[in-house]
Amino acid sequence: SEYTFSSDKKRETEYNVSIVVHFVLLGFSELPNLQGFLSGVFSIIYMVILIGNSLIVIITRLDPVLHKPMYFFLGHFSILEICYVSVTLPRYLISLWTQDKSISLLSCATQLCFFLILGTTESFLLAVMSYDRYVAICNPLHYPVVMNPKKCHQLAIGSWLGGMPVEIGQTWQIFSLHFCHSNQINHFFCDIPPILKLACGDTSVHEISIYVVVMLFAAVPFLLILASYIKIIATILRLPTAQGRTKAFSTCSSHLLVVILFFGTASITYFRHKSNHSAGTDKLLSLFYTIVTPTFNPVIYSLRNQDVIAAFKRLLLKT
């Protein structure tokens, strides 16, 4: 009878492990009275992101004055922001409208994979943009040669494709785990920390691999950006005129603000141990690097840039 009990218990455990065939994204279900308000706010935010970033893409492509490496990368960055937010926000909006919060394992894995790939692309592209500013300010005479069209296209393609194999592998690794604690993800999209909380057994090996990937794809680019800006600031301070210093700082400060917003909140999310993760804090931090940054990207880059404002006015006059 002891063997029978053990077998039954084993079958029950196996059943519990394999029972999770879909997840439930709880979103902000702790705010039941604000679901309609959240739906309206996130819908407006999504439209602002689409329109604002699309305008930057159109302006940088159509206006000959903006056919420079800086605006070439800005155009790519705006396309990236549209893709990045479209991986998470539309799916959450649909769940708010239909009240259907379930998501299949395959859909969840696909969402996470694209989210990680685009997040890595953003990290690389921000590093490339800082390198562009470093060459422009610290080596202005060599700038046209160093940042030639071929080099710009290579850097852009490298940013888009560089992290793809690793992030596909990481997604496969995470979804090869068994999930037995629950099928409820306390988040508004499929992200690594809340998914790991549902996994059975010890996930420390997976956490270490996540830290390694974050170090390579976030910490290293951030250190390169930091090094670039130390050199840039040192060069700016040596400029002879106050007007020159103001213009140089104005060009770089917008990029630096986006870097701090993105890397700051993402690093806090992924560098904390699983036991230290709070669902509320995770969701708040995720809002910053998935929604707030793409929303303010057009404002930060356009209102602080006279070339973009002038190009926008020219576009309005033409139309």
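Buried here means under 20% relative accessible area, exposed means over 50%, and partly exposed is anything in between (1.4 Å probe, protein chains only). With that in hand, take Thr 293: at 1% relative accessibility, Thr 293 counts as buried.

A word on what you're looking at. This is a predicted model, where local features need pLDDT of at least 70 and side-chain atom pairs count only at pLDDT 80 or more, while totals for chains, interfaces and linings use all residues. Residues are numbered from 1 along each chain as its sequence is written, and side-chain values use heavy atoms, with hydrogens and water left out.

**The chain overall**

The chain has 12 helices and 3 strands; these are DSSP runs numbered from the N terminus, H or I of at least four residues for helices and E of at least two for strands. Of the 319 residues in the chain, 48% are buried. Contact means heavy atoms within 4.5 Å, and among contacts between residues at least 6 apart in sequence, 78% join residues at least 24 apart. The accessible surface comes to about 16,000 Å², with 71% of that belonging to carbon and sulfur atoms; these areas come from the Shrake-Rupley method with a 1.4 Å probe, and for residues only the protein chains shown count as cover.

UniProt, in an unreviewed entry, places the feature "transmembrane region" at residues 38-59, 71-93, 105-131, 208-230, 251-272 and 284-303. Those positions are given in the numbering used here, feature names are shortened, and annotations may be inferred rather than shown by experiment. Two of these stretches can be set against the model. Residues 71-93 are 100% helix and 0% strand, with the end C-alpha atoms 32 Å apart. Residues 105-131 are also 100% helix and 0% strand, and there the end C-alpha atoms are 39 Å apart.

**Thr 293 and Pro 294**

Back to helix α11 (residues 279-303), where Thr 293 sits. Not counting residues up to four places away in sequence, Thr 293 touches Glu 81, Glu 122, Val 258, Leu 261, Phe 262 and Phe 288. Pro 294 lies in helix α11 too, and Pro 294 is buried, with a relative accessible area of 0%. Leaving aside neighbours within four places in sequence, Pro 294 is in contact with Ile 49, Asn 53, Glu 81 and Tyr 289. Glu 81 therefore turns up in the contact lists of both Thr 293 and Pro 294.

Gln 111 is in helix α4 and counts as buried at 6% relative accessibility. Setting aside residues up to four places away in sequence, Gln 111 touches Val 87, Thr 88, Arg 91, Ile 103, Phe 189 and Cys 190. Trp 160, in helix α6 (residues 149-161), is partly exposed, with a relative accessible area of 21%.

Ile 94 is found in helix α3 (residues 69-98) and is partly exposed at 43% relative accessible area. Gln 99 is in the loop between α3 and β2 (102-104). Most residues other than glycine have a negative phi. Gln 99, not a glycine, has a positive phi of about 65 degrees, and is exposed, with a relative accessible area of 54%.

Here are some C-alpha pairs that are separated along the chain:

| Pair | Separation in sequence | C-alpha distance |
|---|---|---|
| Gln 111 and Val 87 | 24 residues | 6.2 Å |
| Trp 160 and Leu 118 | 42 residues | 7.5 Å |
| Ile 94 and Ser 39 | 55 residues | 9.1 Å |
| Pro 294 and Val 48 | 246 residues | 9.2 Å |

**Cavities**

The structure holds 4 cavities of 30 Å³ or more. A cavity is a set of points, on a 1 Å grid over the protein atoms alone, where a 1.4 Å probe fits but cannot get out, and lining residues have an atom within 4 Å of a point. Grid points are joined across faces, edges and corners, and a volume is the space filled by probe spheres set on the points. The largest cavity has a volume of about 290 Å³. Of the 20 residues that line the largest cavity, the closest to its centre are Gly 119, Thr 120, Val 214, Ala 218 and Tyr 270. Elements giving two or more residues to this lining are α4 (105-138), α7 (164-175), α9 (204-237) and α10 (242-271). The lining divides into 14 nonpolar, 5 polar and 1 charged, where Ala, Val, Leu, Ile, Met, Phe, Trp, Tyr, Cys and Pro count as nonpolar, Asp, Glu, Lys and Arg as charged, and the others, Gly among them, as polar.

Key:
On a 1 Å grid over the protein atoms alone, a cavity is a set of points where a 1.4 Å probe fits but cannot get out, and a pocket is an open set with protein on both sides within 12 Å along at least five of seven lines; lining residues have an atom within 4 Å of a point.
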